[in-house]
Amino acid sequence: MVQSEVPNDKPLIAIFGAGMMGSGIAQVCIQAGYPVNLYGRSEKKLLEARETIKKNLIRVAGKKTEVPSEPAALEQIALLQLELLQIHTDIASAAEDAAMAIEAVAENLDLKLDIFQTIQKTCPENCMLITNTSSLKLSQMTPVINNPSLFAGLHFFNPVPVMKLVEVVSTDETSPETTEFLFNFCKEIKKLPVAAKDTPGFIVNRLLIPYLMDSIRMLERGDATKEDIDTAMRFGTSYPMGPIELCDYVGLDVLQSTLKIFRETLPGDARFAPIQLLDKLVAEGKLGRKTKQGFYTY
């Protein structure tokens, strides 16, 4: 465990999940001066996440004109910020003394429920419990939450250090005070919060997923090549990335899982029917950028 010796009056944030989302959330929190407990299943995974955060912090420091550009000086700045980070392989210890616990694990309801139940064994009674789910309804998790007034969603976008938006998701039981706190928290970590209701996919994914699925179906039908689909949307709508490129960036397994969640929560909606081409690529292990092959080869 990496201990912090930096004096700090900001509340402790515990983050559960050391993948791209969890480590990204941890980075923006420590950049804003928040002490962070980061939980991961293995020390190896946590050390990799810490190294990624360190590299990102060095890069950020290097972009600031008032900061000396010498590598050693930039590394010292990053190491000072990293003193705010503690890493844990035990959920219960990570949750101790946390003012806010943010779940950032895979889109698996059972896994998320288990995480929250374990967190609540050791976290303070007034700890806010937050999910980073992108598509699951929060109402599916509230049955295991001891105090639903302190439960809400913060849907960050990947890569977290770059993407400004955060969807602040409230249920009917989330207190106005919790929502207000989360909006202020997002602004402190230099994010742009928007209010979203507890509906499937919230705002962004409810609009984005059908668009991405239509692009895959267009490719599957042979209506256009993947290159022409991406070029058309980039230059015809000024989107920074075409839909097929974006599918590879998000991860085809992630899209397949999200599509399944939408089918379950919105039964009968043909927009979320299975897509043979998507299923074939996932079955072959071609998941996009993270495996160097998806719709494109990287």
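The radius of gyration is taken over C-alpha atoms, and the globule rule used with it is 2.2 Å times the number of residues to the power 0.38. By that rule, a compact globule with 298 residues would have a radius of gyration near 19 Å; the protein has 20 Å, which agrees. Keep in mind as you look around that this is a predicted model.

## The overall picture

Along the principal axes, the C-alpha atoms fill a box of roughly 60 × 50 × 30 Å. Buried residues account for 48% of the 298 residues. The protein exposes about 14,600 Å², and carbon and sulfur atoms supply 54% of that area. Take the contacts between residues at least 6 apart in sequence: 68% of them join residues at least 24 apart.

## Rings that pair up

How many aromatic pairs does a search of the whole structure find? The search finds 6 aromatic pairs, and two of them are described here.

One is formed by Phe 16 and Tyr 39, with ring centres 6.0 Å apart and planes at 40°, so this pair is tilted. Phe 16 belongs to strand β1 (residues 13–16) and Tyr 39 to strand β2 (residues 36–39), so the pair ties together parts that are 23 residues apart in sequence. Are Phe 16 and Tyr 39 buried or exposed? Both are buried.

Another joins Tyr 211 and Tyr 239, whose ring centres are 5.9 Å apart with planes at 90°, so the pair is edge-to-face. Tyr 211 lies in helix α7 (residues 204–221), while Tyr 239 lies in the loop between α8 (226–237) and α9 (243–250), so parts 28 residues apart in sequence are tied together. Tyr 211 is partly exposed, with a relative accessible area of 22%. Tyr 239 also counts as partly exposed, at 39% relative accessibility.

## Charges over rings

| Lysine | Ring | Distance from ring centre |
|---|---|---|
| Lys 10 | Tyr 34 | 4.8 Å |
| Lys 226 | Tyr 296 | 5.4 Å |

Lys 10 lies over the face of Tyr 34. For Lys 226, the charged end sits over the ring of Tyr 296.

## A look at helix α8

Helix α8 has 12 residues and reaches 16 Å from its first C-alpha to its last, close to the 16 Å expected at 1.5 Å a residue. Which residue follows α8? That residue is Ser 238, and its phi is positive, near 65°.

Technical notes. Residues are numbered from 1 along each chain as its sequence is written. This is a predicted model: local features need pLDDT of at least 70, side-chain atom pairs count only at pLDDT 80 or more; totals for chains, interfaces and linings use all residues. Side-chain values use heavy atoms; hydrogens and water are left out. Rings of Phe, Tyr and Trp (its six-membered ring) pair if their centres lie within 6.5 Å; planes under 30 degrees apart count as stacked, over 60 as edge-to-face and the rest as tilted. Helices (H or I, at least four residues) and strands (E, at least two) are DSSP runs, numbered from the N terminus. Buried means under 20% relative accessible area, exposed over 50%, partly exposed in between (1.4 Å probe, protein chains only). A charge sits over a ring if NZ of Lys or CZ of Arg is within 6 Å of the ring centre and within 35 degrees of the ring normal. The expected span of a helix is 1.5 Å times one less than its number of residues. Contact means heavy atoms within 4.5 Å. Accessible areas come from the Shrake-Rupley method with a 1.4 Å probe; for residues, only the protein chains shown count as cover.
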